[in-house]
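Please look through the sequence and the structure, which are shown next.

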Amino acid sequence: MSDTSGLITPALVDLHLAPADKSEALRSLAQRLVAEGRVTDLDGFLADVAAREAQAPTGMGDGIGIPHCRSPHVTRPSLAFGRSTRGVDFDAPDGRPADLVFMIAAPAGADDTHLRILAALAGRLMDPAFTGALREAESPAAVAALVNGEEAPAAAPVAAVDPETAAAPEADVAGGGLRLVAVTSCPTGIAHTYMAAKALELAAARAGVQIQVETQGSAGTTVLAPEVIAAADAVILAHDVEVRDRARFAGKPTVDVGVKAGVNRADDLIAQAAGLVAEVGSGASAAPVTAASAPTGEHWAQRLRKYLMTGVSYMIPFVAAGGLLIALAFAIGGYRIASAPSVLGHFDWTSSHSWAAMLFQTGKTSFGFLVPILSGYIAWGIADRAALAAGIAGGAVSVAVGAGFLGGIVSGLAAGFLVLWMIRWNVPRAIRGIMPVVVIPLLSVAAVGFLMFVLVGSPIASAMNGLTDWLNGLSGSNAILLGVLLGAMMAFDMGGPLNKVAYTFAAGALTTAGTTPDAGSLKVMAAVMAAGMTPPLGMALATVVRRRLFTPEERENGKAAWVLGASFITEGAIPFAAADPLRVIPANIVGSMTAGGLVMAFGSTLRAPHGGIWVLPLIGSPFLYLLAVAAGTVVTTAVVVLLKGLRKDAAPAAADSAVDGKVLVGA
């Protein structure tokens with residue numbers, strides 16, 4: 001019995017799946033999960049599946065599709081399987097429709113045991129013997145037995161699949177005793193991480209190469225031992241999220257690609273690694289070793305965006321905690337609380353003024369970490385742990401010289417790329433071990449400190465001071481135009497890079513607001529939060545006023561969007577945009593521009609960096625602020641209803657909605 005025991009039953013197998021499209025295939029398989037009690041809410045579960053599909057295609061190539069998600073509507077880890085004669089298009093990289101469709105359903109709170117089950121299945125999908133046996137199975141019971149490990153697949157299908165791939169890589173490395181290590185990782189950590197690991201292991205076996213793979217996924221990580229890394233000739237990194245503790249591989253020839261390349265081009269990656277080793281010598285025992293990197297296929301702008309987003313994601317908790325504490329302090333003690341003496345030695349347990357001062361000083365301390373954390377984790381995103389010291393130190397210097405968050409971005413990028421260059425130095429084996437903990441931090445901190453103190457800190461500080469003065473002096477049409485622009489940025493990608501740029505701009509400006517109750521910086525924060533609340537609220541309202549224009553899944557998402565929008569979680573509109581981007585995104589942009597512009601026109605202010613309606617007492621001119629949000633919501637709803645109403649298929653959508661309504665009533 002394998003780890004996948006109990007994952008599937010014969011009732012969850014459809015050997016004659018014949019959908020008209022992917023959506024119908026997903027619904028057909030999900031209905032089997034509902035019938036077996038594995039899923040409690042069909043529409044809610046399908047909405048979660050659709051949200052995962054919107055992130056990245058789940059077609060793996062070679063006729064395999066693996067739609068999967070974690071969902072609160074799943075009662076236990078389960079698999080529904082469908083075999084289709086004409087295939088289902090899951091946007092596989094090879095363009096081949098999937099004749100084998102595996103719908104993996106994981107509970108939202110899945111523990112390590114559940115996740116290990118799914119990881120085991122994902123790895124087996126890369127075994128030609130396993131998938132070949134599934135294509136030949138004659139009954140649902142046979143499929144269930146294969147998946148649950150109750151029946152071993154015959155060996156024959158192995159020879160029928162990939163008969164030519166073993167020769168080419170093997171020719172490059174035969175007799176060389178090549179030893180490789182690899183790391184695989186993907187955003188969800190459920191499927192691609194383990195499929196890439198298995199694919200690399202199978203490719204290495206075909207080529208006669210030794211390989212050990214570290215899977216940085218949701219089922220836990222067995223970290224590669226230091227002696228294994230030291231003995232390895234080369235490294236393969238197949239990842240869509242940053243590899244943890246990447247500095248371990250400093251000085252090793254490295255193939256650096258996306259996780260799907262690990263799944264679909266494992267043989268090529270083994271051959272590339274062998275080629276890199278051949279360029280620098282016979283193996284790890286040769287000194288020095290030159291690090292190399294294979295092309296990742298990712299545009300430099302995409303990688304830069306990933307680095308910046310990494311820094312912002314680690315900074316936001318400090319923004320939220322510090323900003324809300326400061327806002328509460330002002331609500332309790334007024335704006336003069338900023339000049340209160342230190343609570344250290346002056347704290348009165350019975351005085352609200354002392355409590356307000358404590359909240360303000362704690363929040364201000366938290367705010368002091370914003371730029372160093374932003375800078376440090378931008379650097380970490382580029383070059384991993386070895387770059388943290390230089391990034392954080394550079395961010396601290398940026399604060400000291402007054403360069404603010406712009407200086408933090410510059411210092412983070414400089415530290416990251418400097419350290420990335422340094423870890424690729426050719427160094428003797430004797431000092432390789434101390435490079436990431438002594439040599440690299442020492443040299444990089446000194447270099448970044450020189451950069452910020454002597455070269456770029458002062459010019460950036462002057463720019464930040466000018467920006468602060470401009471914000472505080474905004475009035476009239478200039479303020480409204482800024483609110484409109486920030487509103488468009490917040491709505492365009494709903495939590496993506498432009499959204500985060502606008503939010504980071506507002507949060508950074510918030511740190512310079514001082515104690516002036518009506519500072520322009522506070523108006524900017526208010527406009528950004530209003531614009532971010534509008535898209536999910538607009539979509540939620542649209543599902544109520546024109547239900548027939550939305551699918552049952554979208555109507556279900558609309559219920560959650562009310563709460564998400566009210567809480568300033570713009571991502572609540574993503575499921576709608578993923579399903580119909582050409583209509584939803586323009587509607588969101590117009591509505592958020594309306595809200596942002598009106599907030600600036602009304603002069604509403606906000607010192608808290610987050611919270612939505614839950615921080616309403618901390619908003620200046622709260623009723624006008626709510627009016628701006630309501631106006632933006634109505635505009636969003638009106639535009640999306642208008643655009644969707646113009647669709648040629650509006651009538652069929654209405655018919656489908658009516659049919660769905662009858663089914664629900666009958667149920």
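Ser-621 lies in the loop that links β12 (619-620) with α25 (622-645); here helices (H or I, at least four residues) and strands (E, at least two) are DSSP runs, numbered from the N terminus. Although Ser-621 is not a glycine, its phi is positive, at about 55 degrees.

The model is predicted, so local features need pLDDT of at least 70 and side-chain atom pairs count only at pLDDT 80 or more, while totals for chains, interfaces and linings use all residues. Residues are numbered from 1 along each chain as its sequence is written, and side-chain values use heavy atoms, with hydrogens and water left out.

Another residue of interest is Thr-543, found in helix α21 (residues 520-545).

| Residue | Relative accessibility | Class |
|---|---|---|
| Ser-621 | 34% | partly exposed |
| Thr-543 | 4% | buried |

Leaving aside residues up to four places away in sequence, Thr-543 touches Phe-550, Glu-554, Arg-555, Gly-558 and Phe-576; a contact means heavy atoms within 4.5 Å.

The chain as a whole contains 26 helices and twelve strands. Of its 667 residues, 51% count as buried. Among contacts with a separation of 6 or more, 73% are between residues 24 or more positions apart.

Strand β9 (residues 234-239) and β10 run parallel and are joined by four bridges; two strands pair if DSSP finds at least two bridges between them. Leu-237 has Asp-256 in β10 as its bridge partner. In a regular strand the side chains alternate between the two faces of the sheet. Strand β10 (residues 254-257) is covered on both faces, with Thr-254 and Asp-256 buried on one side and Val-255 and Val-257 buried on the other.

Helix packing is illustrated by α14 (residues 370-383) and α16 (residues 404-422), whose axes are 7 Å apart and meet at an angle of about 25 degrees. The two helices are therefore roughly parallel, a term for angles under 35 degrees. Axes are lines fitted to C-alpha atoms, for helices over the stretch in contact, and angles run from 0 to 180 degrees between N-to-C directions. Residues of α14 in this packing include Val-371, Leu-374 and Ile-378, and those of α16 include Gly-404, Phe-405 and Gly-408.

Note on methods
Buried < 20%, exposed > 50% of the residue type's maximum accessible area, 1.4 Å probe, protein only. Parallel < 35°, antiparallel > 145°, perpendicular 65-115°, else oblique.
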